[in-house]
Amino acid sequence: MSFLELHRVSKRFGDHLAVNDLSLSVAKGEFISFLGPSGCGKTTTLQMIAGFVDLSEGTIRLDGRDLASVKPAKRGLGIVFQSYALFPHMTAAENVAFGLEMRGVPRAEREARVRDALAMVGLEAYAERHPRRMSGGQQQRVALARALVIRPNVLLLDEPLSNLDAKLREEMQIELRQIQRNLGTTTVLVTHDQTEAMALSDRVIVMNNGRVEQIGTPEEAYERPASAFVSQFLGKTNEFGGEIDRVSAPPRLVAGSCVWPAPAGLSGQVTIAVRPEKIAFGDEADRGVKARIAARIFQGNHWLFQCETECGPAIVIRQNSGPAQPAEGANVRLIWRAEDMGVRPREGAQ
Ligand SMILES: Nc1ncnc2c1ncn2[C@@H]1O[C@H](COP(=O)(O)OP(=O)(O)OP(=O)(O)O)[C@@H](O)[C@H]1O
Ligand SMILES: [Mg+2]
């Protein structure tokens, strides 16, 4: 079943462990993303799949074959590097055609495929341009066309959209997803942009410090983060200090003036995590966390509220629809459904 398989892969640079015991199995046609902060080992992992960086430990298999003895050029990969190096002396069309020439594709077919690939990334009109006369975003799209045109087994993309402005970036994300779906190309994307990873991928691999923190669908990683790191990296999260009271019967989870039934398997000091969009405003009658609206910021389709609560600062996001929103200075209660709160042992507590 697994098409691309990384088994216990590590990479050491001197005494720095850039990638630490990473295992992952990618199905044919799947779109996965490596997501994590700068320096966490994303590019290094991609370069090991590409064959430009040797593994310190572990194995990588593609379609059942150990890649250790397969040269980069023979792996059948389409690659867009983080620095989208195009050949400067070649036009966009020549850049895209290069891989096809290497593979001995006849001229007529080559020209048709180059045209198609440039059209896919919206650059039909730029075929005869040289990279130095193109913007960063245009060059990035040529690099994408160049990777796609060879119809690779696996498409490896390292921050391929990082130079595009927000609007074009969003358009290209939709485009990329569409292209990937149509061609069914197994795709590995590297990004530090969590919305991009979540929008595009079947599964995300959240990395931190060379280690995998979580592998899962975007919804799983967002709704059920495996660690505090994942929770904080994938969007905004509120964290409140709480305590499990096992003296009472039945045991309770207490935070400020609020109590909930205690979750199983926890005791002592805990952290309660709630996403800002899961919080609603209630009044005195709702026994929620006591809060005051410190600031109310209009963001078009939603409002962002900065609140001071009895359990520390919190942010709340409410859609710009439905009931009137509380004003700055208003006293409110913050309420949420028990299933929308994550409770974990407090880091550093006994
Ligand atoms: N050739 C190298 N020699 C020594 N250390 C390296 C080398 N390449 C990468 N590193 C180190 O390995 C770690 C991981 O680097 P990598 O390029 O994989 O990070 P990244 O997740 O892609 O980050 P970014 O988002 O900034 O591109 C970093 O600490 C980096 O300094
Ligand atoms: Mg990188």
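This is a predicted model: local features need pLDDT of at least 70, side-chain atom pairs count only at pLDDT 80 or more; totals for chains, interfaces and linings use all residues.
**Entry 1: the shell around ligand 1**

I began by listing the residues around ligand 1. They are F13, H16, A18, P37, S38, G39, C40, G41, K42, T43, T44 and Q82. I then sorted this shell by class. It has four nonpolar, seven polar and one charged residues.

**Entry 2: polar side chains at the ligand**

Next I looked up distances from side chains to ligand 1. For S38, a side-chain N or O atom is 2.5 Å from an oxygen atom of the ligand. T44 also has a side-chain N or O atom 2.5 Å from an oxygen atom of ligand 1. For H16, I noted 3.3 Å between a polar side-chain atom and a ligand oxygen.

I then checked how much of the ligand is covered. Ligand 1 exposes 640 Å² when taken alone, and the protein buries 60% of that.

I also asked which elements give two or more residues to the shell. These are strand β2, residues 16-27, and helix α1, residues 42-50. With three residues, α1 gives the most.

**Entry 3: helix α2**

I turned to helix α2, which spans residues 92-102. Which of its residues are buried? I found A92, A93, N95, V96, A97, G99 and L100.

What do the buried residues of α2 pack against? I traced them to two helices, α3 at residues 107-120 and α4 at residues 136-148.

Last, I looked just past the end of α2. There G104 takes a positive phi of about 70°.

Methods
Residues are numbered from 1 along each chain as its sequence is written. Chains are lettered from A and ligands numbered from 1 in the order in which they are written. Side-chain values use heavy atoms; hydrogens and water are left out. A residue is near a molecule or strand if one of its heavy atoms lies within 4 Å of it. A polar contact is a pair of N or O atoms within 3.5 Å; within protein, one must be able to donate a hydrogen and the other to accept it, and residues adjacent in sequence count only if both atoms are side-chain atoms. Accessible areas come from the Shrake-Rupley method with a 1.4 Å probe; for residues, only the protein chains shown count as cover. Helices (H or I, at least four residues) and strands (E, at least two) are DSSP runs, numbered from the N terminus. Ala, Val, Leu, Ile, Met, Phe, Trp, Tyr, Cys and Pro count as nonpolar, Asp, Glu, Lys and Arg as charged, and the others, Gly among them, as polar. Buried means under 20% relative accessible area, exposed over 50%, partly exposed in between (1.4 Å probe, protein chains only). Contact means heavy atoms within 4.5 Å.
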